[in-house]
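Here are my notebook entries from an afternoon of looking things up, one topic at a time. Keep the picture open and follow along with me.

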Amino acid sequence: MTRAADAPSPLSPKLAAQVARRIESDIIAAGWPVGVLFGSETELRLRYRVSRAVLREAVRIVEHHGVADMRRGPAGGLIVRAPDAAPSARALVIYLGHLRTTIPDVVHARLLLEPLAAAMTARSITEEGIRRLRGSHAHEAAQPGMEIQDELHALLGELSGNAAVALFVQVLTLLTRHYASAHRPGEREVHQAKADSANAHRAIVEATIAGDVALAEHRVAGHLKALGRWLGTGPEPPVGGAGVTEPDTVHVKLAEIVADRIRSDISRAGLAEGELAGSEHALIVRYGVSRAVLREAIRLLEYHSVAGMRRGPGGGLIVNRPDPSASIEAIALYLEYQGIDFDGLRIVRDAIELGCIERVVARRGEPGVAERLRDAQRLDASTQAELEARSHVFHTELAELTGNPVLALFQRILTVLSARHLRATPSTVPSTGSVPTTEVMAAEVARVHGSIADAALAGDAGLAKHRMRRHLATLSTDWWH
Ligand SMILES: [Zn+2]
Ligand SMILES: [Zn+2]
C-alpha cells in the first residue's frame, strides 16, 4: 500500500478507493460539516500520503458519492456537501432491471416495507403530515392520463421518519413505475384501475391520519397485492432502465448524465458482457459531448463496473458484468448523512431479514438451499476484523437464497451500514464487563446463526424469526450474541 502511494503511475483503483473511504470516514467523524473546506489538494496529499494522481482519483469517487466537491482556484480545496441519493437510486433501479427482477419480487419487497412505513407514519403523524397526506391525495386525484399514481407511497416512506425505509420505498416505486410503463391495458381497464387505486389511497390516508396502525398496515398490504395482480397481467418487464433515467436534480454533473444515458442505452439494447458499446469517437458523436466529458463519464462507468475502455484497434467501450458495490457504498453514505441510528437500522433489518426467513423456509426443500445455509453458518476467524467481515456472510446468504434480487440488494446496503456503525463504536464492552476472545465470539456467532438455520430448515418459520429478531436486537450492544 505504501509503495503504491509513492509510485506516480500506474494508477491503483483499489488504493484510490481506500483513500476515498478514509476521506469519507474522516468527514463523517467530523460531523459531516456541509460547506466547510476539508483541505486543499496539497494538504490532502500530505494528510493521506498519496500521489497527486491517486488523490485526484479518490476525490472523483468522493465527488461521485456526493460527499464533497473539489473547488478549483487559489482558495480552492475539497468542500463538504450534502449528499444526494438520486444518481445511486437510479443506478440500483437499472441494476435490478438488468438482473431481470420480476414483478412478484418487487411486490414482495414492497409488502415487507410499505405496511411498515404506514404503521410508523400512523404512530407519529403530525398536523403538518396530515396536511401533506391530504394534499398528495388531492393532487393524485386531479391527475388525468394513464400515469401510475405512486406519490402517496413515497410520501408514506418519507413520513415514516426512517431514511432507509424512505429510500427503499422510493427505489421500489421507481422500479414499479418502470414495469408499469410496459403494461399497456385498454382505456376502460385503466379507468377502473385508477378508480380502485384512488379509493384504496383515500382509505389508507384516513387510517393513517386516525392513527389506526393495524388498519393502515392492512390496507396498504391489500392495495399492494391488488397492484401486483394488476401488473401481473401485463407483459414481462423489459430489461433496463427506460423511463427512469432522466436526471431530476439540477446539480448532476454533465459526465454523470452522460454515464447514466450510456448505462441505460446499454441495457436497453440488451448488450451482453464483452460486447462493444461503441468506439470513443462513435460515443463522442452519439452523445454530442467533448472527449474530456466522455472520458469522465467512462471513468464513472468503470467505477460501477458497467463497462470499460479497451484500447487498440477494434477497441472501444466494452460491456462488463454490472456490480452495484459503488452504488451500495453511496447509498450507505447517504443514509449515514441522513442520521439513521442503530434503532432505525434495526427496524429495517427486522423487516427485510424476517421476510427473507419466510421465503427461505418456503424454499428449504429446493436443491442446494440447505447446503448453502449450512456452509454460511460456519465461521472461522482469528482476528476481530475477520470476525466482523465474516459474520455478515450468513445474513447475506440468507438474502441470496430467497432468489429475490431486491432483498439481496437491500440486505447488502444494510450490512454496509451496520458495519460502519460497528466501526464507529469500537469498544463494545459487553454487559458482563469482560471482553471475550475472538474465538469465543466467533463460536457464539456461529452457534446463534446455526440455531436460526436449524429452525428454518426444520420449517419452523416462527421460531427462526424469533431467533433472528433476538439476534438483530443484540447487535448494537453485545453484537456477537
Ligand atoms: Zn398506490
Ligand atoms: Zn449474525
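**Entry 1: the zinc ion**

I looked up which protein atoms hold the zinc ion (ligand 2) in this predicted model. I found three donors: His395 (NE2), His449 (NE2) and His471 (NE2), lying 2.0 to 2.1 Å from the zinc ion. Next I wrote down how the donor residues are spaced in sequence, and the pattern is H-x53-H-x21-H. His449 sits in helix α21 (residues 438–457) and His471 in helix α22 (residues 461–474). These two are 22 residues apart, so I noted that the pair links distant parts of the chain.

Are these two histidines buried or exposed? His449 has a relative accessible area of 2%, and because the cut-off for buried is under 20%, I filed it as buried. His471 is buried too, with a relative accessible area of 2%.

**Entry 2: a helix on the inside**

I moved on to helix α15, which covers residues 325–337. Helix α15 has 13 residues and reaches 18 Å from its first C-alpha to its last, close to the 18 Å expected at 1.5 Å a residue.

How many residues of α15 are buried? I got 11 of the 13, so α15 is largely enclosed by the rest of the structure. Among the buried ones I listed Ile328, Ile331, Leu333 and Leu335, and also Glu329 and Glu336. After α15 comes Gly339, and I noted that its phi is positive, near 80 degrees.

A reminder to myself: strands of a sheet pair through backbone hydrogen bonds, either parallel or antiparallel. Here three strands form an open sheet in the order β1-β3-β2, and the pairing is antiparallel. The edge strands are β1 (37–39) and β2 (68–71), each pairing on one side only. Neighbouring strands of this sheet are turned by 35 degrees against each other on average, direction ignored.

I followed one pairing in detail. Strand β2 pairs with β3 (residues 77–80) over four bridges, in the antiparallel sense. If you want a place to look, find Met70, which stands opposite Leu78 in β3.

**Entry 3: helices across the sheet**

Which helices lie across these strands? Helix α3 (residues 41–48) lies across β1, β2 and β3, and runs at about 50 degrees to β1. Helix α4 (residues 52–64) lies across β2 and β3, running at about 130 degrees to β2.

Methods
Residues numbered from 1 in each chain as written. Chains lettered and ligands numbered in written order. Predicted model: local features only at pLDDT ≥ 70, side-chain atom pairs only at ≥ 80, totals over all residues. Heavy atoms only, no water. Pairing = 2+ DSSP bridges. Axes fitted to C-alpha atoms, helices over the stretch in contact; angles between N-to-C directions. Contact = heavy atoms within 4.5 Å. Donors = N, O, S within 2.8 Å, 3.2 Å for Na, K, Ca; no water. Buried < 20%, exposed > 50% of the residue type's maximum accessible area, 1.4 Å probe, protein only. Expected span 1.5 Å × (residues − 1).
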